[in-house]
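Please read them with the coordinates open.

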Amino acid sequence: LDISWESCSEVITEYCMLHLGSSSYRQSKFEPAENPIIIEENTNFQDREEKDNIDNSVLISQCSQAVSSHIKNVVERSMPHLSSVGMVSVVPNSELRGLFPSSACRGSRNSDSTGKWGESLVYQYLLNKHPEAEVCWMNKDKESLAAYDIKLMFKGENNLQSTRFIEVKTTRFSDKNVFELSFNEFTFMSSQGGQINFDIYRVYNAGDSTRVTITAVRNAYSKLKNHGLKLCLAI
């Protein structure tokens, strides 16, 4: 994948400025919301703190959407060829309606419940999208400790079977594109010379039925070798 350093530099710089820069920089990039949510002063709140919490929640939601949209525009402007080479595919919110898990995770700081919610959503999505395939959710009843979360199996001619191994990475945020990959997951992904069909499904806005989306990266190891994905280490 041919990506110029100038393109990468622009996207990285913009991302850092939006998340680490001053509030005046962010303010200069975004116009006020066209239809802001206004809370009437005569609303009967139990106390002032409750109103402040709602105000902050609305502001955070609007800022998150604006930042996510702005970064997407920067990426598309700098690297318009990414979508054309099939680097990732995005499952829009409209295709996920009716598939949401019953368990709640919105507002929860428990990463396990958030992760389980995302796995359940991807499992239901794959069942709906591939009725002809066998979909096995490894952690449905208990944690399997496998190097992947879901196994998608197709039967072809002469009963030959093709299998895709799917790792689900879930976040409650709309623009958090960095996530942990365990040594076990990386070892499995890169085994057999990276010939295993190992896909990563990133679930954004987990728990929010109006905004949740899925970004699917097929053949993640191949994308890593071709510089479509990056690895980082944290201390």
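This is a predicted model: local features need pLDDT of at least 70, side-chain atom pairs count only at pLDDT 80 or more; totals for chains, interfaces and linings use all residues.

Leaving aside its neighbours within four places in sequence, which residues is Ile214 in contact with?

1. Ile214 is in contact with Ser89, Val90, Val91, Leu96, Leu121, Val122, Tyr201, Arg202 and Val203, its neighbours within four places in sequence being left aside. Contact here means heavy atoms within 4.5 Å. Ile214 belongs to strand S6; helices (H or I, at least four residues) and strands (E, at least two) are DSSP runs, numbered from the N terminus. The relative accessible area of Ile214 is 0%, so this residue is buried. The cut-offs are under 20% relative accessible area for buried, over 50% for exposed and in between for partly exposed, with a 1.4 Å probe and protein chains only.

2. Residues are numbered from 1 along each chain as its sequence is written, and side-chain values use heavy atoms, with hydrogens and water left out.

3. The largest nonpolar core has 23 residues, of which Leu121, Val122, Leu126, Ile150, Tyr201, Val203 and Ile214 touch the most other members. Such a core is a set of buried Ala, Val, Leu, Ile, Met, Phe, Trp, Tyr and Cys residues joined through side-chain atoms within 4.5 Å. At least two residues of this core come from each of H4, S2, S3, strand S4 (161–170), S5 and S6. H4 gives the most, 6 residues. Apart from this core lies another, of 11 residues, including Tyr148, Met189, Phe198 and Ile200.

4. Tyr201, one of the core residues named above, has its own list of contacts. With neighbours within four places in sequence left aside, Tyr201 is in contact with Val122, Tyr125, Leu126, Ile166, Glu167, Val168, Lys169, Ile214, Thr215 and Ala216.

5. Strand pairing requires at least two bridges found by DSSP between the two strands. S2 and S3 run antiparallel and are joined by 4 bridges; Cys136 has Lys151 in S3 as its bridge partner. S3 and S4 also pair in the antiparallel sense, over 6 bridges. Leu152 is partnered by Arg164 in S4, and Met153 by Thr163 in S4. The hairpin of S3 and S4 has 5 residues between the strands, and Asn158 there takes a positive phi near 55°.

6. S4 and S5 run parallel, with 6 bridges joining them. Thr170 stands opposite Val203 in S5. Of the 10 residues of S4, 8 are buried, so this strand is largely enclosed by the rest of the structure.

7. A pair of aromatic rings is described by the distance of the centres and the angle of the planes. Rings of Phe, Tyr and Trp (its six-membered ring) pair if their centres lie within 6.5 Å; planes under 30 degrees apart count as stacked, over 60 as edge-to-face and the rest as tilted. By this rule there are 5 aromatic pairs. One of them is the tilted pair of Tyr123 and Trp137, at 5.4 Å centre to centre and 35° between the planes. This pair links distant parts of the chain, with Tyr123 in helix H4 (residues 111–129) and Trp137 in strand S2 (residues 134–137), 14 residues apart. Tyr123 is buried at 11% relative accessibility, and Trp137 is buried at 12%.

8. Tyr148 and Phe188 have ring centres 5.3 Å apart and planes at 40°, so this pair is tilted. Tyr148 lies in the loop between S2 and strand S3 (150–155) and Phe188 in helix H5 (residues 183–190), so the pair ties together parts 40 residues apart in sequence. Tyr148 is buried at 12% relative accessibility, whereas Phe188 is partly exposed at 21%. One aromatic cluster is formed by Tyr148, Phe165, Phe188 and Phe198.

9. Where is Asp208 placed? Asp208 is in the loop between strand S5 (198–204) and strand S6 (213–217). With a relative accessible area of 16%, Asp208 is buried.
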